[in-house]
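My entries are below, in the order in which I made them.

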Amino acid sequence: MRQQKNIKKSVWREWLESAVFAFILFLIIRTFVVQAFKIPTGSMRPTLKEGDMLLVTKFWYGAQIPFTDIRLPGLSKPQRGDVLVFLYPVDKKRDFIKRLIGESGETIEIKNGKIYADDKAVDDSKISSRFYYNRGDYGEEGKKISVPPDSYFVLGDNSSSSYDSRYWGFVPKKYLVGRAFIIYWPLNRIRLIK
C-alpha cells in the first residue's frame, strides 16, 4: 500500500515538475526570443490587416530584461523600413506597430507624399511606394523634424488612417519591443513581413 502511494506521489511530482519547467521555458521564450501579436486596426494596410496574427523577434534588436532599462546585445540595429513593435509612448500599457522611417539624428520631412531624410528622398521601395499625408504636429507640410538621440520616427503604411509619429512624436529606443517578421494566421496570409 505504501509503495502504491509513493508511485502516485512520484507521478504527480513528475507532472508538476514538467508543468513548472514548461511554464518557465514559455516565459523565457516570450520575454527574450519571440512573442505573438494580433493586429487590431488597419493602420498598417496593406502590409498588415486587421486580425493578422504575427510573430515578433525580441532578440533581433536585443531583448530588454524585465523591470530594468538593460537590453541584451542584439543581432542588428533597427533600420529604416523595418516594421517595429513598441510601447506606445503616450500609454506604455499598449503595444503599437509601425514602420521605421527616421533614425536617431536624422531630419525627416514629408513633402508631396514622399519621405525625405536629411533632405534626400528615401528610395527604399517599402517606403517610397506609399503616399504619406502631412498631418499632425510632427507632419506639417514644410516642417523638418529632427529625430532625437536614441529615438525613432515611425509611420503607418496606411498614412490616411494611422495614428503615428506625426501626431505624438518619437519612440524612445527603450520602448522598442522587437521586429515583426512573419504573419502566421490566417493561413492564406502566411508570409514574411517586409
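The entries go from the whole chain to single residues.

**Basis.** I am working with a predicted model, in which local features need pLDDT of at least 70, side-chain atom pairs count only at pLDDT 80 or more, and totals for chains, interfaces and linings use all residues. Residues are numbered from 1 along each chain as its sequence is written, and side-chain values use heavy atoms, with hydrogens and water left out.

**Overall form.** I counted 3 helices and 12 strands in the protein; helices (H or I, at least four residues) and strands (E, at least two) are DSSP runs, numbered from the N terminus. The radius of gyration is 21 Å, whereas a compact globule of 194 residues would be near 16 Å. That radius is taken over C-alpha atoms, and the globule rule is 2.2 Å times the number of residues to the power 0.38. The C-alpha trace spans about 85 × 40 × 30 Å along its principal axes.

Of the 194 residues, 37% are buried (buried means under 20% relative accessible area, exposed over 50%, partly exposed in between, with a 1.4 Å probe and protein chains only). Among contacts with a separation of 6 or more, 60% are between residues 24 or more positions apart; a contact means heavy atoms within 4.5 Å. The accessible surface comes to about 11,800 Å², and carbon and sulfur atoms hold 58% of that. Accessible areas come from the Shrake-Rupley method with a 1.4 Å probe, and for residues only the protein chains shown count as cover.

**Nonpolar patch.** I found a nonpolar surface patch of about 660 Å² made by L16, V20, F23, I24, F26, L27 and I28. Patches take residues with over 30% relative accessible area and no salt bridge, joining like charges within 9 Å and nonpolar side chains (Val, Leu, Ile, Met, Phe, Trp, Tyr) within 5 Å. I28 lies in helix α1, residues 2–32, and is partly exposed at 44%.

**Aromatic pairs.** The structure holds 11 aromatic pairs. Rings of Phe, Tyr and Trp (its six-membered ring) pair if their centres lie within 6.5 Å; planes under 30 degrees apart count as stacked, over 60 as edge-to-face and the rest as tilted. F86 and W168 make a tilted pair, 6.0 Å centre to centre with 50° between the planes. F86 is in strand β3 (residues 83–87) and W168 in helix α3 (residues 165–168), so this pair ties together parts 82 residues apart in sequence. F86 is buried at 0% relative accessible area, and W168 is buried at 11%.

Y88 and Y163 form an edge-to-face pair at 6.3 Å and 70°. Y88 is buried at 5%, while Y163 is partly exposed at 43%. I noted that ring pairs link F86, Y88, F96, Y163, Y167 and W168 into a cluster.

**Salt bridges.** My search of the whole structure gave 10 salt bridges, each a side-chain nitrogen of Lys or Arg within 4 Å of a carboxyl oxygen of Asp or Glu. D82 and R179 meet in one of them, at 4.0 Å from N to O. D82 is in the loop between β2 and β3 and R179 in strand β11, so the pair ties together parts 97 residues apart in sequence. D82 is buried at 9% and R179 partly exposed at 25%.

D119 bridges to K144, with the closest N and O atoms 2.7 Å apart. D119 is exposed at 54%, and K144 is partly exposed at 45%. R166 and D164 also form a salt bridge, at 2.7 Å from N to O. R166 is buried at 1%, and D164 is buried at 0%. Salt bridges that share partners join R99, R130 and D157 into one network.

**Two loop residues.** I looked up G51 in the loop between β1 (34–38) and β2 (53–57). G51 is partly exposed at 25%, and its C-alpha atom is separated by 5.3 Å from that of I39, 12 residues apart along the chain. Neighbours within four places aside, G51 contacts K38, I39, W185 and P186.

R189 lies in the loop between β11 (176–185) and β12 (191–192) and is buried at 9%. Leaving aside neighbours within four places in sequence, R189 contacts P46, T47, L48, K49, D52 and I183.
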